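Student: I would like to go through the terms used for this model and check each one against its cut-off.

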Amino acid sequence: MFYTSFTQIVPKSLRAFLRDRDTAFQKLIISYENLKLEHENLKLFYQKFESENQYLSSEKKVENIPDIMNKKALEYDLEKGRIVIESILSSSKEELKNREFLLEKIKDYGCPYQGWSLYSPYQQYVNASDYGSIQIPTELVDFLIYCIHKKPLSFLEIGVMYGGFSALCCAVLSKFNNNFKYTCVDIEDNFRDWEYFSSILPLEKAIPATSADFIGSEFDVVYIDADHSYHGMKRDFLNVGRYGKVCAFHDINAAEYDHLDGGTRRCWNELKLSYCQSASILEISHIAEEWMGIGIIDFNK
């Protein structure tokens, strides 16, 4: 009775619409269930694929071309680095005091490939891999010559990264003091070819560590190149830099760190103004743009 009454009251067009809607809704539910099933099947397939491939040796895994190129280049540059360091150790003191000679050694050793546009004047120094000394070559040679004249007994580098700068600097300065010791500080151990370089150079590793682990310690030279925020650089200086005979800072012109509470530029500008009356201040900067640069505070101790 109800159905008869309903069909009499509801127009035929509306009944057809309701019937089509119910049919479409049922089809939608079926499609959703099929999608869920496909998703579960794909998930099972992926899990099976991962399980079967996790035991493949690294040699069988496919490497992309850039990774293969960098691996080969790194092997070459590390071997080249050994040769250059050995040649420095066999050089005379007079040769190493010569700026042109020492700069040639820096070129042979190389700077890491980074693709930085501001490195364009120094393309002949750039390695094919990311190994080398992350410095402006001419700034580095002038810093080394400055240190040579000081004949330091001890050197503390805060922030060594891959150790490219460390090995080169240690090799040069060890020629001028038989009891020279170079201490490397970093929060992570990424020092490349450590076993070899530490076997022929007076290198000491304090990794993982920070400048706070050496707070109040005295060194002939302290080189700060770690946390490039204003507070990070300032703390490194307050912990150990101010107790050295010479404290040097890398990236004193590096505008790219200004967002870190003023970064290295703010810290350096404050420190040089604070100590210019009681210490000698030297800035080594060979790039017109605001980039890199080495700042030196010589406490004349």
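Tutor: The questions below set values against definitions. The model is predicted, so local features need pLDDT of at least 70 and side-chain atom pairs count only at pLDDT 80 or more, while totals for chains, interfaces and linings use all residues. Residues are numbered from 1 along each chain as its sequence is written, and side-chain values use heavy atoms, with hydrogens and water left out.

Student: Why is α9 called oblique to α10?

Tutor: Helix α9 (residues 230-239) and helix α10 (residues 263-275) pack at an angle of about 40 degrees, with their axes 7 Å apart. Angles under 35 degrees count as roughly parallel, over 145 as roughly antiparallel, 65 to 115 as roughly perpendicular and the rest as oblique. That makes α9 oblique to α10.

Student: Which residues of α9 make the contact?

Tutor: Tyr230, Met233, Lys234 and Phe237 (contact means heavy atoms within 4.5 Å).

Student: What makes glycine 262 buried?

Tutor: Its relative accessible area is 16%, and buried means under 20% (1.4 Å probe, protein chains only). Glycine 262 lies in the loop between β5 (246-250) and α10. Not counting residues up to four places away in sequence, glycine 262 touches Tyr230 and Tyr257.

Student: Why is strand β1 described as largely enclosed by the rest of the structure?

Tutor: Five of the five residues of β1 (residues 154-158) are buried, so the strand is largely enclosed. Ser154, Leu156 and Ile158 lie on one side, Phe155 and Glu157 on the other.

Student: How do you know that β1 pairs with β2?

Tutor: Two strands pair if DSSP finds at least two bridges between them. Five bridges join β1 to the parallel strand β2 (residues 181-185), so the two strands pair.

Technical notes:
Axes are lines fitted to C-alpha atoms, for helices over the stretch in contact, and angles run from 0 to 180 degrees between N-to-C directions. Helices (H or I, at least four residues) and strands (E, at least two) are DSSP runs, numbered from the N terminus. Buried means under 20% relative accessible area, exposed over 50%, partly exposed in between (1.4 Å probe, protein chains only).
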